[in-house]
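This report asks how one protein chain is put together and which side chains meet across it. Please keep the sequence and the model in view while reading.

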Amino acid sequence: MPANWSQEYVYDTLNWDFVSGGQSGNPSSAYQGNYNARLYYGGIYRKTKLVTPPINLTYYSNVQLKFRHAQKEYSGDQDYLRVYYKTSLSGSWVLLASYLTN
């Protein structure tokens, strides 16, 4: 796991792992760098947030979040990725984007 990142268990307990590719070779390698973040649940519904350390954006006016997402359907099963943010450590999570399809 990257330094100072954490996990927040929402439903049950499932840990993110960091692998050079993906589940069953999809994707075959990381887009950039050495690792992909992967949450493989093995057929049981679970939900865990992967959380970056706080990022101070006070002095920036044009901020973009960029990442690659690979989420292949498997035998009619489709996982979801949702991206959240919050503006303070004690604040509530706000949904930024949802990725719900193959």
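## Salt bridge

A salt bridge is taken here as a side-chain nitrogen of Lys or Arg within 4 Å of a carboxyl oxygen of Asp or Glu. The model is a predicted one, and with that cut-off the structure holds 1 salt bridge. Side chains of opposite charge can pair when their charged atoms come close.

Which residues form the salt bridge? The partners are Asp 17 and Arg 38, whose side chains meet with a nitrogen-to-oxygen distance of 2.7 Å. Asp 17 belongs to strand β2 (residues 17-19) and Arg 38 to strand β3 (residues 36-38), so the pair ties together parts that are 21 residues apart in sequence. Asp 17 counts as partly exposed, because its relative accessibility is 27%, a value between the limits of 20% for buried and 50% for exposed.

## Overall build

The chain has 6 strands and 0 helices, and its pattern, read along the sequence, is β-β-β-β-β-β. Along its principal axes, the C-alpha trace spans about 45 × 30 × 25 Å.

Of the 102 residues in the chain, 13% are buried. The accessible surface of the chain amounts to about 8300 Å², and carbon and sulfur atoms account for 48% of that surface. When contacts between residues at least 6 apart in sequence are considered, 42% of them join residues at least 24 apart.

## The aromatic pair

A search of the whole structure finds 1 aromatic pair. The rings are those of Phe 67 and Tyr 99, with centres 5.7 Å apart and planes at 85 degrees, so the pair is edge-to-face. Phe 67 is placed in the loop between β4 (47-51) and β5 (81-85), while Tyr 99 is in strand β6 (residues 94-99), so the pair ties together parts that are 32 residues apart in sequence.

Are the two partners buried, exposed or partly exposed? Phe 67 is partly exposed, with a relative accessible area of 39%, and Tyr 99 is also partly exposed, with a relative accessible area of 32%. Not counting residues up to four places away in sequence, Phe 67 touches Leu 81, Val 83 and Tyr 99. Phe 67 and Gln 32 are 35 residues apart in sequence, and their C-alpha atoms are 9.9 Å apart in space.

## Charges over rings

The charged end of Lys 49 sits over the ring of Tyr 84, at 4.7 Å from the ring centre. The charged end of Arg 68 sits over the ring of Tyr 31, and here the distance to the ring centre is 3.9 Å.

## Two buried strand residues

Thr 48 has its place in strand β4 and is buried, with a relative accessible area of 6%. What does the side chain of Thr 48 reach? The side chain of Thr 48 comes to 2.6 Å from the backbone oxygen of Leu 14. Leaving aside neighbours within four places in sequence, Thr 48 is in contact with Gln 7, Glu 8, Tyr 9, Val 10, Leu 14, Trp 16 and Leu 39.

Asn 36 has its place in strand β3 and counts as buried, because its relative accessibility of 18% lies under the 20% limit. With neighbours within four places in sequence left aside, Asn 36 is in contact with Asp 17, Phe 18, Val 19, Ser 20, Gly 21, Gly 22, Pro 27, Ser 29, Ala 30 and Tyr 31.

## The segment before the strands

Trp 5 lies in the segment before β1 (6-11), and with a relative accessible area of 31% Trp 5 is partly exposed. Leaving aside neighbours within four places in sequence, Trp 5 is in contact with Leu 50, Val 51, Thr 52 and Pro 53. Trp 5 and Trp 16 are 11 residues apart in sequence, and from C-alpha to C-alpha they are 11 Å apart in space.

Conventions
Residues numbered from 1 in each chain as written. Predicted model: local features only at pLDDT ≥ 70, side-chain atom pairs only at ≥ 80, totals over all residues. Heavy atoms only, no water. Phe/Tyr/Trp six-rings, centres within 6.5 Å; stacked < 30°, edge-to-face > 60°. Helix = DSSP H or I, 4+ residues; strand = E, 2+ residues; numbered from the N terminus. Buried < 20%, exposed > 50% of the residue type's maximum accessible area, 1.4 Å probe, protein only. Lys NZ or Arg CZ within 6 Å of the ring centre and 35° of its normal. Polar contact = N/O pair within 3.5 Å; in protein donor to acceptor, adjacent residues only side chain to side chain. Contact = heavy atoms within 4.5 Å. Areas by Shrake-Rupley, 256 points an atom, 1.4 Å probe, with all protein chains shown as cover.
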